[in-house]
Amino acid sequence: MRIGILNSGGDCPGLNAVIHGVVGAASKLGWEVIGFRDGFEGLLPPGDYQILDSEDTVGILKLGGTILGTTNKRQFATKIGGSLDDQAENVIEKVGRTMKQLEIRALIVVGGDGSLSTALELYKAGFPVIGVPKTIDNDLQATAMTFGFDSAVSCVVDAMDRLHTTAVSHKRVLVVEVMGKNAGWIALWGGIAGAANVILIPEIEFSLDVVTNCIMEREAKGIHSTMVIVAEGAMMPGGEVVTQADKDERAGDVRFGGIGDTLANELARRTGKETRACTLGHLQRGGEPTSLDRILGARFGVKAVKLAQEGSFGSMVSYQSYHVGSAPIEDAVHKLRLVEPDSEVVETARAIGICFGDGEVSEG
Ligand code: F6P
């Protein structure tokens, strides 16, 4: 029996832990694992792959990135995404050739929303696909958590701790922009753990008057520095998501980024305070996974092999109530899991004095 594994989409700490889990569990069953390189593109004939045995995975559990390489939506996904047009059929036929030639009996796809949507298309076209949810953004449905998120939050908290001391020394406002696409999970968790004073996320509309007032109220109390954390997908009042000029036209993807600078300029103008912006960017995706992500990744990998053994194709590993189970891939994609504005975590943040920039300007 031979199975395949590929990573697709942005990299994320914990990918190698998944590979480690898959190879470990598969070799116990006497199965061979083929790792396809650079995402789905490794599936295109003649196939770009390497055979992975237990020796190849020695020491990778703790490594960031992925030993297999990955690609964002490019040639493959743009051809296969959406409806199966002529081009997509052609791609599917090509994938079929590779799968048949290599005698792959199960294909484990480790990816986020976009990549799992592609995995679903492949499953619907008749391929034996198993999904493993991956993203630092933590925005996938049908799983309470994805690996990579904890590592990203931990990077944000480390940065916040450092930025705090310089903000205090200079009596400045510091605006920290974090990743997350349209979801505010990284900003929310990173903001609470990193002791932000203001958290701005896409799910809660904010007013510049309220944020300005929060800073000035602190000033009046003799607290001269303020830490603002803003999710890259948050929108300036009356504006749109701030994006980079370049985008992947073919994949229809915009690249988020830039709200931190825009917001910092506006807050400096309104408060008259020295304000600096710091964009954490890809630091949040790089480096070694936290222990939680190492364990989650390994558990996800082992579960994916179990799903393959059961023949539960079209399903995805899922984490719910501290248990690693499964859910249909269909339930996880096309609709993001966003922060609920009235959730207990948001209420906790409000209770400890964090401002979300919403509501009315408080009197006094
Ligand atoms: O989805 C993960 C993520 O890191 C987002 O938070 C971010 O917007 C995006 O990927 C950046 O992707 P890239 O720079 O790889 O195009």
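What share of the 364 residues of the protein counts as buried? The share is 54%. Buried here means under 20% relative accessible area, exposed means over 50%, and partly exposed is in between (1.4 Å probe, protein chains only).

Before you click on, some ground rules. This is a predicted model, where local features need pLDDT of at least 70, side-chain atom pairs count only at pLDDT 80 or more, and totals for chains, interfaces and linings use all residues. Residues are numbered from 1 along each chain as its sequence is written, and side-chain values use heavy atoms, with hydrogens and water left out.

**Stop 1: the whole protein**

Show the C-alpha trace. Along its principal axes, the trace spans about 70 × 40 × 30 Å.

Now switch to cartoon. The protein has 11 helices and 11 strands. These are DSSP runs numbered from the N terminus: helices are H or I with at least four residues, strands are E with at least two.

**Stop 2: two domains**

Color residues 2-147 + 289-331 as domain 1 and 151-286 + 340-351 as domain 2. The bounds come from an automatic or database domain assignment. The C-alpha centres of the two domains lie 32 Å apart.

**Stop 3: the ligand**

Select the ligand. Then select what surrounds it: Asn72, Ile136, Asp137, Met179, Gly180, Lys181, Glu232, His282 and Arg285.

Color the shell by type. Two residues are nonpolar, three polar and four charged. Ala, Val, Leu, Ile, Met, Phe, Trp, Tyr, Cys and Pro count as nonpolar; Asp, Glu, Lys and Arg as charged; the others, Gly among them, as polar.

- Glu232: a polar side-chain atom lies 2.6 Å from a ligand oxygen atom.
- His282: a polar side-chain atom lies 2.7 Å from a ligand oxygen atom.
- Gly180: a backbone N or O atom lies 3.1 Å from a ligand oxygen atom.

On its own, the ligand has 400 Å² of accessible area, and the protein covers 81% of that. Such areas come from the Shrake-Rupley method with a 1.4 Å probe.

**Stop 4: Glu32**

Finally, select Glu32, in strand S2 (residues 32-36). Glu32 is partly exposed, with a relative accessible area of 29%. The C-alpha atoms of Glu32 and Met1 are 6.4 Å apart, although 31 residues separate them along the chain.

Terms used:
Near = heavy atom within 4 Å. Polar contact = N/O pair within 3.5 Å; in protein donor to acceptor, adjacent residues only side chain to side chain.
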